[in-house]
Amino acid sequence: MGPMRLAPRLLVAAVSHVGRRQNNEDFHRVLRLEVPSGQLVLLAVADGMGGMEAGEWASKVAIEALSEAARAYAEHLKGGRPAVGLPRVMEKAFALAQRRVEKEAERPGRRGMGTTLTAFLYADWLKEGVVGHIGDSRAYRFGPTGISRLTEDHSWVAERLKEGVLTPTEAERHPYRHVLTRALGLPEARFDLVPLRLAPGEGVLLVTDGLYALVPEAEWRLEKDLQGSLEALLSEALRRGGDDNITAVALRVE
């Protein structure tokens, strides 16, 4: 998709590619909602697991649930009802996504399915937003001072890294590097919330592991042309093998 100028001060971009896989189990969304105060924007990426069809369904179901919750909040605001804090909105949205994925997993052929889910809900009139996160997709803040990671991976390898049992190099090659300790669809799925204010020139980037596993963040360049920057990252990941689905979405305050 090409860049979309949502408002004079917001720019978003998105890329997704199947890579060398047969199916794209990644799913993403950029949703703009007009409300009386301004614009409510939802960005989300999800990386499904549980076999081809099941993984695709899990990621799609999760993001559709998230979008439904964001639209319901927009209608709430349009009705003139009091604003609810964005973390509470995201909390309810993730809880809805968990229920939907669990329900879908009861269908034949979809047992054991699950998905990562990393999302950013931004209220432009407040100049603030919130990241919701579970799994090993990631959210980053970027701007004139560089890129910083906002989320922790919920994976077996990340936990061993934290404990000092594995080195970063060992973690990159470990056979369990794709094993998640938390995901939507798993029992008692716990997710993280990260409130965030953005200054002009700053933004949020959401990516699946198909990108960061091949192109480390130290090499990322997010230039003025945001769509072009994401396409360059995607091309580099494909050049290095592209052995997984690759998805990235970003928003920047102009």
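Predicted model: local features only at pLDDT ≥ 70, side-chain atom pairs only at ≥ 80, totals over all residues.

Visitor: Which elements give two or more residues to the lining of the largest cavity?

Guide: The lining includes Leu66, Ala69 and Ala70, and also Val89, Met90 and Ala93. Helix 1 spans 52-78, and helix 2 covers residues 86-104. The elements that give two or more residues are therefore helix 1 and helix 2.

Visitor: Is Gln98 buried or exposed?

Guide: Gln98 has its place in helix 2. Beyond its neighbours within four places in sequence, Gln98 is in contact with Ala183, Leu184, Gly185, Leu186 and Ala189. Its relative accessible area is 10%. A residue counts as buried under 20%, so Gln98 is buried.

Visitor: Turning to the open spaces, which residues lie closest to the centre of the largest pocket?

Guide: The largest pocket has a volume of about 910 Å³. Its lining consists of 32 residues. Those closest to the centre are Arg138, Asp153, Val157, Glu172 and Tyr212.

Visitor: Which element supplies the largest share of the lining of the largest pocket?

Guide: At least two lining residues come from each of strand 8 (138-143), helix 3 (156-163), helix 4 (168-173) and helix 5 (209-212). The largest share amounts to five residues, and its source is helix 3.

Visitor: How many residues of the lining of the largest pocket are charged?

Guide: The lining of this pocket includes ten nonpolar residues and five polar ones. The charged residues of the lining number 17.

Visitor: What is the radius of gyration of the protein chain?

Guide: The chain has six helices and twelve strands. For 254 residues the globule rule gives 18 Å, and the chain comes close to that, so it is as compact as a globular protein of that length. Its radius of gyration is 17 Å.

Visitor: What percentage of the residues in the protein chain is buried?

Guide: The accessible surface of the chain comes to about 11,900 Å², with 51% belonging to carbon and sulfur atoms. Among contacts between residues at least 6 apart in sequence, 70% join residues at least 24 apart. Of the 254 residues, the buried ones make up 52%.

Terms used: Residues numbered from 1 in each chain as written. Heavy atoms only, no water. 1 Å grid on protein atoms, 1.4 Å probe; cavity = no way out; pocket = protein on both sides within 12 Å on 5 of 7 lines; lining within 4 Å. Points joined across faces, edges and corners; volume = space filled by probe spheres on them. Helix = DSSP H or I, 4+ residues; strand = E, 2+ residues; numbered from the N terminus. Nonpolar A, V, L, I, M, F, W, Y, C, P; charged D, E, K, R; others polar. Rg over C-alpha atoms; globule rule 2.2 N^0.38 Å. Buried < 20%, exposed > 50% of the residue type's maximum accessible area, 1.4 Å probe, protein only. Contact = heavy atoms within 4.5 Å. Areas by Shrake-Rupley, 256 points an atom, 1.4 Å probe, with all protein chains shown as cover.
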